[in-house]
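This briefing is meant to be read with the sequence and the 3D view side by side. Take each topic in turn, and find the residues in the view before moving on to the next point.

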Amino acid sequence: MATAVKEAVTFRYSHSIGRRENGGLGFRVPVALTCGLDDVIYVVNRSAEYKGATRITMCTVGEEYVGEFGRGKSVDPPLVWPSGIAAESNGTIHVIDEWLNRVFTFTKDGEFIASWGSAGSGDGELNGPSGIECDAEDNLYVVDSKNNRIQKFTADGRFLGKFGGEGTGEGQFNLPWGIDIDANGGIYVADWRNDRVQKFSPDGEFIMGFGSSGIRDGEFDRPAGVAIDRDGTAYVADWRNDRVQVFDENGIFLTKWLGDATLHTAAMAKLDSNPDMWQQRQVAFGLEREKLFWRPIAVEVDSQGRILALDSLRMRIQVYLKIQPYFVGLYDGGRL
């Protein structure tokens, strides 16, 4: 009996967004990103307190600068160590702060609305939260990292539930970091110090896990971020291995990216306006490594299926495209 044969999924690097800057279409130690309405990308710049560049940058995959918000006293209290960001279906943005143990809410244009949260280990309290994600009903799932659990809240901060606990067993965590929710409500958590990714049902029941400690394909060294596309493909920011790994819906390794970055158009414009910088680059050694990831920390998939990998220490986003497989013929046991 003839059987349809389908090519494997492939991926292609597209372009890079951003450069090291304290403002404009540049990033300063970016640690998280999300896609909002109209495919606007919101990037959390953690920076350093003394640099004054802690903010949220708004830009597009087309390399257009939209704006920024969250600097200094425009937020009450001011952001200190923002660590995660999520967008509701109506465009409302939520930013979580690891130091303040609070969630900050903004309009899609960056106008501050409110904040909530307090430190502790009780229900609804937080201790060093990292990731945050919205489900289809716009409830918030918060990675309560130092409490080794996931907590669920309404958009305005009312506690709804929790799951997890400290340990290495199924459903337990050791300083979890990133989180994503798939089209069916499945919850994926990057279990940072356990060097694995775990998947849960919408009610917090353990479904599966994949990964272990190491440097080989399918192994992790401090996975920080995870994203799931509409097909169930998982993208994991393998932070200390300086790569992004790709897995199928069953957690089977597919491929990895070490980085392919090219200069962002704004970076090219800056070089064009500074001939001395071009000269310095021409005599510099080791520029080939510029293209590689250096501590990738987060991954996001936009509405068009483009994969955005946030390169924290090279302060940019590397964009990849998924090339969908297609049927190439009929296999009848011996020929196509």
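This is a predicted model: local features need pLDDT of at least 70, side-chain atom pairs count only at pLDDT 80 or more; totals for chains, interfaces and linings use all residues.

The chain has 336 residues, and buried residues make up 54% of them, while its secondary structure consists of two helices and 26 strands.

**The chain as a whole**

- One example of residues separated in sequence is W81 and T54, which are 27 residues apart along the chain and 8.2 Å apart in space when taken from C-alpha to C-alpha.
- W81 is found in the loop between strand 6 (65-69) and strand 7 (82-87), and with a relative accessibility of 30% this tryptophan counts as partly exposed.

- Side chains of opposite charge can pair when their charged atoms come close.
- The side chains of D195 and R222 meet in a salt bridge, with a distance of 3.1 Å from N to O. This pair links distant parts of the chain, since D195 lies in the loop between strand 16 (187-191) and strand 17 (196-200), whereas R222 lies in the loop between strand 18 (206-210) and strand 19 (223-228), 27 residues apart. Both D195 and R222 are buried.
- R306 forms a salt bridge with D302, and the closest N and O atoms of this pair are 2.6 Å apart. R306 is buried with a relative accessible area of 19%, which falls under the 20% limit for buried residues, and D302 is buried as well, with a value of 4%.
- D302 and R306 also belong to a network of salt bridges in which they are linked with D39.
- The side chains of D109 and K108 meet in a salt bridge too, at 3.4 Å from N to O. In this pair D109 counts as exposed, with 55% relative accessibility, and K108 counts as partly exposed, with 36%.

**Cysteines**

- For the chain as a whole, the count of disulfides comes to zero.
- C59 is buried, with a relative accessible area of 0%, and C134 is also buried, with a relative accessible area of 10%.

**Aromatic rings**

- A pair of aromatic rings is described by the distance of the centres and the angle of the planes.
- The count of aromatic pairs in this model comes to 20. One of them joins F163 and F200, whose ring centres are 4.8 Å apart and whose planes stand at 45°, so the pair is tilted. F163 lies in strand 14 (residues 159-164) and F200 in strand 17, so the pair ties together parts that are 37 residues apart in sequence. Both F163 and F200 are buried.
- F200 also pairs with F206, and here the ring centres are 6.1 Å apart and the planes stand at 80°, so this pair is edge-to-face. F200 counts as buried at 1% relative accessibility, whereas F206 counts as partly exposed at 28%.
- One aromatic cluster is formed by F11, Y13, Y235, W257, F293 and Y320.

**Charges over rings**

- The charged end of R222 sits over the ring of W192, at 5.3 Å from its centre, and R222 is the arginine whose side chain also meets that of D195 in a salt bridge.
- R295 lies over the face of W239, at a distance of 5.1 Å from the ring centre.

How values were computed
Residues are numbered from 1 along each chain as its sequence is written. Side-chain values use heavy atoms; hydrogens and water are left out. A salt bridge is a side-chain nitrogen of Lys or Arg within 4 Å of a carboxyl oxygen of Asp or Glu. Buried means under 20% relative accessible area, exposed over 50%, partly exposed in between (1.4 Å probe, protein chains only). Helices (H or I, at least four residues) and strands (E, at least two) are DSSP runs, numbered from the N terminus. A disulfide is a pair of cysteine sulfur atoms within 2.5 Å. Rings of Phe, Tyr and Trp (its six-membered ring) pair if their centres lie within 6.5 Å; planes under 30 degrees apart count as stacked, over 60 as edge-to-face and the rest as tilted. A charge sits over a ring if NZ of Lys or CZ of Arg is within 6 Å of the ring centre and within 35 degrees of the ring normal.
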